Amino acid sequence: MAVTKTYEEINEKIRRGEAVVVTAEEIIDIVKDVGVAKATEKVDVITTGTFGPMCSSGAFINFGHSDPPIKMTKVWLNDVPAYAGLAAVDAYIGATELSETQGMAYGGAHVIEDLIAGKNIKLESKAYGTDCYPRKEIITYVNKNTLNEVYLFNPRNAYQNYAVAVNSSARTIYTYMGTLLPRFGNATYCNASQLSPLINDPYYRTIGIGTRIFLGGAQGYVAWQGTQFNPKQARGENGVPLAPAGTLALIGNLKDMSTEFIRAAIFHKYGTSLYVGVGVPIPVLDEDIVEKASVSDKEIYSTIIDYSVTQRSKPSFGRVSYAELRSGKIEINGKKVRTAPISSYSKARKIAETLKEWIKQGKFYLQQPIENFSLDQTFKPLEIVNEEEI
Amino acid sequence: MAKRKLVLHFPEESIEKPITYHLVKDYDLIPNILRAHIDENEGTLVMDLKGSAEQIEKGIAFLKEHNVRIQEAVKDITIDRDLCVDCGACTGVCRPEALTIGPEDWKLNFDNDKCIFCELCINTCPVRAIKLLF
């Protein structure tokens, strides 16, 4: 009989301090040494991690009420506009929003990092004034201790695989995949590959709505499927998508986070983004879980995409494994091309290790998804049409 | 054989002189031009100069005679380890491979000797951890 385990059994082992927890890197060698069946018996939880720029990130904030009160219509945090089309003193600050005074040198991502760091933030707001909210403007200072709720709510994080970016044109281009040198001068990639959460649970068996996770140094949750969720992306025989596929919407308390695992990023001539550290524990429910999670870089492939083509559909230059990408050089059309990561593998490792320690010390318990994601959905483009054509 | 890495600043009147030729011909030096640039102010050459220590000194004296201003290791690329997240984005634009990242630890390495001060890494760093010191 093949071994199976339940969430309750694994959590009970965590409670007793007996859970065997390994990282998604460590499970590779364990399976190589003892095989899937033995590894399933031996290991209870496999931890994953990723630390990359994730533009679709931001934070909800409640400022509290001033005297007299204001129904904030326009809000700026350190001169970065926040969205305030909500109740009186709620706002959402998005990572890619740029400062109206500093441009790309400072954005919503920096506001988020500064809030986590405990720094004071200038809050400016304007309003039209109502009978119940008579104040029309306010300038004051806030920090994470003066604010009510401040929580990260990121609509799209932890992409399950991503493209390899190259530039076939004659000029340097500046993208969210970094600076791409002309005529295939370099190739950048952005994934924690064998450590990445959704690569290790490719069909989202244990990662769904309600899964408890590591988010930015705190405990957070999977809130929903991420935007642009695309489970029908082409997959290899091992089930791992060959290009961007699944995504996660994540939520967590910003006040508990650390700037070690959340950092503002600037992509030159592109804009700001947020480095988000995410770790997801994968419970060893059965042999299939272990087999999928023991995938290594040489079995994980990505697709090389030409970012100099400005159309939605960009030409591809074939597939390449993460083992090749991590070797520092790949070959495209017979030319040796230098590769560079955009996401931090050493931070991904730190996150998987930290999560492992939390579980071993009984500080973190596994939460079974309340609902799993549907595999039967597609990622639709936006067509430009007349009202009659839709 | 000695080796020096120099940044040479040429005033307008020296831009058209075949100075590198004289370093080779008259002083038996091996210049390796790492970077050359002329802007609205001056000409700049970053070069490795190989040869006997004595000849290098003579070559430098010759350069000074022609009003070439010489900086030696004056520019320094520094990486603020507290800011760096070891993403590796900078290694993609570093053609001389002074900046590298990889197994086992996936931490950023910087080899100052290989740096040609092209400065491409500075704006490429997403967390602005790389700075140019004068």
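Outside the four places on either side of it in sequence, A:Ser273 is in contact (heavy atoms within 4.5 Å) with A:Pro53, A:Met54, A:Cys55, A:Ala95, A:Ala109, A:Arg263, A:Ala264, A:Ala265 and A:Phe267. The model is predicted, and local features need pLDDT of at least 70, side-chain atom pairs count only at pLDDT 80 or more, and totals for chains, interfaces and linings use all residues. Residues are numbered from 1 along each chain as its sequence is written, chains are lettered from A and ligands numbered from 1 in the order in which they are written, and side-chain values use heavy atoms, with hydrogens and water left out.

A:Ser273 belongs to strand β21 (residues 271-279) of chain A; helices (H or I, at least four residues) and strands (E, at least two) are DSSP runs, numbered from the N terminus. With a relative accessible area of 0%, A:Ser273 is buried, where buried means under 20% relative accessible area, exposed over 50% and partly exposed in between (1.4 Å probe, protein chains only). A polar atom of the A:Ser273 side chain lies 3.4 Å from the backbone nitrogen of A:Cys55.

A:Thr23 is part of strand β1 (residues 21-23) of chain A and is buried at 2% relative accessibility. Leaving aside neighbours within four places in sequence, A:Thr23 is in contact with A:Ile46, A:Thr47, A:Ala352, A:Glu353 and A:Lys356. A:Lys13 is 10 residues from A:Thr23 along the chain, and the C-alpha atoms of the two are separated by 17 Å. A:Ile46 in turn touches A:Val22, A:Thr23, A:Ala24, A:Ile27, A:Val280, A:Pro281, A:Ile282, A:Val284 and A:Ala293, not counting residues up to four places away in sequence.

In soluble globular proteins, nonpolar side chains tend to be buried together. A nonpolar core is here a set of buried Ala, Val, Leu, Ile, Met, Phe, Trp, Tyr and Cys residues joined through side-chain atoms within 4.5 Å. The largest such core has 87 residues, and those with the most contacts inside it are A:Ile27, A:Ile46, A:Tyr275 and A:Tyr307. Helix α7 (residues 345-360) of chain A gives the most to this core, with seven residues. A second, separate core has 52 residues, including A:Ile61, A:Ala158, A:Ile207 and A:Val222.

In helix α1 (residues 7-15) of chain A, the residues A:Tyr7, A:Ile10, A:Asn11 and A:Ile14 are buried. Viewed down the axis of α1(A), the buried residues fall within an arc of 100°, so they line one face of the helix; the arc is that of the directions from the helix axis to the C-beta atoms. A:Glu8 and A:Arg15 are exposed on the other side of α1(A). The packing partners of the buried residues of α1(A) are β2 (45-47), β22 (281-283) and α7 of chain A.

Rings of Phe, Tyr and Trp (its six-membered ring) pair if their centres lie within 6.5 Å; planes under 30 degrees apart count as stacked, over 60 as edge-to-face and the rest as tilted. Over all chains the count is 18 aromatic pairs. The rings of A:Tyr204 and A:Phe373 have centres 6.3 Å apart and planes at 65°, so this pair is edge-to-face. A:Tyr204 lies in the loop between α4 (197-200) and β17 (212-215) of chain A and A:Phe373 in the segment after α7 of chain A, so the pair ties together parts 169 residues apart in sequence. Both A:Tyr204 and A:Phe373 are buried. For A:Trp358 and A:Phe364, the ring centres are 6.2 Å apart and the planes at 25°, so the pair is stacked. A:Trp358 counts as buried at 16% relative accessibility, and A:Phe364 counts as buried at 0%. Ring pairs also link A:Tyr159, A:Tyr162, A:Tyr176, A:Tyr270 and A:Tyr307 into a cluster.

Chain B has three helices and eight strands, in the order β-α-β-β-α-β-β-β-β-α-β from the N terminus. Its C-alpha atoms fill a box of roughly 45 × 35 × 20 Å along the principal axes. Of the 134 residues in chain B, 44% are buried. Among contacts in chain B with a separation of 6 or more, 68% are accounted for by residues 24 or more positions apart.

The structure holds zero disulfides over all chains, a disulfide being a pair of cysteine sulfur atoms within 2.5 Å. For B:Cys118, the nearest cysteine sulfur is that of B:Cys121, 6.2 Å away, too far for a bond. B:Cys118 is partly exposed at 30% relative accessibility, whereas B:Cys121 is buried at 8%.

How values were computed
Polar contact = N/O pair within 3.5 Å; in protein donor to acceptor, adjacent residues only side chain to side chain.
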